[in-house]
Amino acid sequence: MARHCGAMATRIQARLSTVCSSRWLQDWHLSLGLSGARLAHAGAAERLQREYDAVVIGAGFKFSRASYLLSLLRPQIYAELELQRHGLRVLPRDPYSFTPLLEDRSPPRSLLLGHNMAQNQQQIAQFSQKDAQAYPEYEAFMGGMVSALDPLLDSPPVDTAALGKGSLLQQLRNLRALRPLLQAGLALGQQLPRYYEVLTAPISKILDQWFESEPLKATLATDAVIGAMTSPHTPGSGYVLLHHVMGELEGRRGAWGYVAGGMGALSQAIAHAATARGAHIFVEKAVCHVLLGRDGQARGVALQDGTEVRSKLVLSNASPQITFLELIPQEQLPKDFVQRIQQVDTRSPVTKINVAVDRLPSFLAAPNTRDGQPLPHHQCSIHLNCENTHLLHQAFTEATHGHPSNRPMIELCIPSALDPGLAPQGCHVVSLFTQYTPSVLADGQSWDEQAKNAYADRVFDCIEDYAPGFKASVIGRDILTPPDLERIFGLPGGNIFHGGMSLDQLYFARPAPSYSGYRSPIPGLYLCGSGAHPGGGVMGAAGRNAAQVALKDFRSL
């Protein structure tokens with residue numbers, strides 16, 4: 001079986017390298033993301049003839065090499081683009097979280113969480129009866145906050161500069177932009193001071209107010225630090241947790257799932273939705289720069305092969321750094337704006353490791369059955385080195401000094417447990433989302449192959465402690481450090497959100513003050529990716545919002 005899986009993995013890797021080359025992913029292309037599909041859906045496609053009305057720079061990822069779970073995608077996008085009709089199928093996970101422990105008892109304990117509250121309380125009671133009783137109230141508290149903030153995701157941030165401009169009638173119309181903020185404030189009600197604390201305090205402080213058991217607190221804290229160069233003790237880390245629980249699947253709030261066939265199937269469904277409405281998608285066409293007219297307005301894009309594609313609007317799904325520092329001449333932008341973009345915090349702690357194995361990991365805390373079939377915990381996000389929040393903070397501290405963590409935080413997922421077609425029979429695909437690894441190593445060291453493999457070996461040693469035999473099951477691995485994520489996927493600094501999700505880089509300030517409403521200093525150029533409000537993740541909100549703004553401007557041309 002191992003020999004059979006190894007041969008299959010080699011062929012799959014060769015095919016992936018051919019179809020999804022680094023050049024295809026690194027350079028920026030004419031393609032349609034969520035904004036493009038939204039524009040086509042809104043009726044702009046019928047005017048796409050000799051001159052394009054809008055081009056969207058950037059593309060979704062074809063394979064699950066980087067992103068690996070779905071939850072945050074806005075429900076309006078599912079409905080408006082009819083993604084299910086275009087082939088999207090999501091596999092919800094229940095249970096969804098598994099935290100095995102390393103401890104001197106047989107078997108070691110573990111914490112398994114799902115959508116059944118009574119079962120969750122039973123699991124938590126292993127560590128604290130008090131926490132088991134508090135958990136439903138905590139979930140309701142966080143759910144109330146998510147519901148209150150949810151409308152803010154689907155509209156541009158308030159343009160405060162416009163509130164006092166224009167005629168009295170125009171000023172009154174501009175006040176309508178305050179509606180989502182007012183709705184959020186009213187929904188938060190008397191709990192506003194407590195919710196404000198969640199947004200601004202370290203998540204460790206918030207969790208300490210609710211719970212006493214470290215395995216539960218550390219498990220919950222992972223959502224506050226994942227993808228971020230922050231510790232559970234970092235002020236403002238509570239918002240990152242909220243950001244990751246704002247999603248839903250099939251109407252269930254906070255649920256996460258796998259995309260059947262891999263994350264590329266989502267990109268394909270969006271592409272099919274766009275082309276069905278008349279959009280044209282170009283691949284293998286690297287964008288060199290945005291074309292500007294004599295009036296300074298965006299007039300299309302120039303490709304590296306010399307082709308010019310003229311359009312009335314340009315939407316960029318690339319990062320703010322790529323869009324404004326590489327595709328636009330610097331002299332065409334305000335100096336303070338350029339400085340703001342240069343100063344965006346893009347530090348990334350993430351190293352993603354994709355692994356092919358010839359059998360499922362068997363955890364000491366939950367051993368496999370003899371038939372080797374997936375058990376409920378195999379479909380979960382499996383949290384390793386998460387016995388307590390101190391371990392997470394220690395891992396973070398080591399990275400701030402330029403050293404990869406000795407005991408990194410590991411989120412291990414096995415999508416093939418629910419989607420067996422991702423791997424040959426008996427084999428599985430394992431996704432390891434690990435942190436903390438600094439983009440720049442101490443003492444001038446580089447992320448060469450030796451450094452990458454040394455870190456991956458350390459990660460595998462950690463997994464071996466929880467699941468003996470894991471290392472022997474490995475038949476291939478793909479290691480993506482922060483520099484790799486930047487080089488291959490165009491993620492600035494390797495940051496999966498196109499920039500940190502700290503409070504100083506959100507809402508009014510994303511990507512820069514006065515430019516948070518998707519319009520840019522270049523008329524006709526819009527930012528529609530994760531570097532725009534409301535931020536990162538496979539969410540689509542920025543694309544949908546930007547498309548609405550662009551359509552409004554287009555209709556006024």
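Pro320, Val344, His498, Gly499, Gly500, Gln505, Ala509, Arg510, Pro511 and Gly531 line the second largest cavity of this structure. Keep in mind as you explore that this is a predicted model.

**Cavities**
- Rolling a probe the size of a water molecule over the atoms shows where empty space is left.
- In this model, there are 6 cavities of 30 Å³ or more.
- The second largest cavity has a volume of about 60 Å³.
- Its lining is made up of 4 nonpolar, 5 polar and 1 charged residues.

- Helix 5 (residues 117-124) packs with helix 6 (residues 129-149) at an angle of about 140°, and their axes are 8 Å apart.
- Helix 5 and helix 6 are therefore oblique to each other, and their crossing is right-handed.
- On the helix 5 side, the contact is made by Met117, Asn120, Gln121 and Ile124, while helix 6 brings in Asp131, Ala132, Gln133, Tyr135, Pro136 and Glu139.
- Sorted by class, this contact has 5 nonpolar, 3 polar and 2 charged residues.

- Most residues other than glycine have a negative phi, and most peptide bonds are trans.
- The peptide bond from aspartate 94 to proline 95 is cis, with omega near 5°; proline 95 sits in the loop between strand 2 (90-92) and strand 3 (97-100).
- Serine 106 and proline 107 are also joined by a cis peptide bond, with omega about -10°, and proline 107 lies in the loop between strand 3 and strand 4 (110-113).
- Glutamate 284 is not a glycine, yet its phi is positive, at about 55°; look for glutamate 284 in the loop between helix 13 (264-276) and strand 8 (287-292).

Methods
Residues numbered from 1 in each chain as written. Predicted model: local features only at pLDDT ≥ 70, side-chain atom pairs only at ≥ 80, totals over all residues. Heavy atoms only, no water. 1 Å grid on protein atoms, 1.4 Å probe; cavity = no way out; pocket = protein on both sides within 12 Å on 5 of 7 lines; lining within 4 Å. Points joined across faces, edges and corners; volume = space filled by probe spheres on them. Nonpolar A, V, L, I, M, F, W, Y, C, P; charged D, E, K, R; others polar. Axes fitted to C-alpha atoms, helices over the stretch in contact; angles between N-to-C directions. Helix = DSSP H or I, 4+ residues; strand = E, 2+ residues; numbered from the N terminus. Parallel < 35°, antiparallel > 145°, perpendicular 65-115°, else oblique. Left-handed = near helix turned anticlockwise from the far one by under 90°. Contact = heavy atoms within 4.5 Å.
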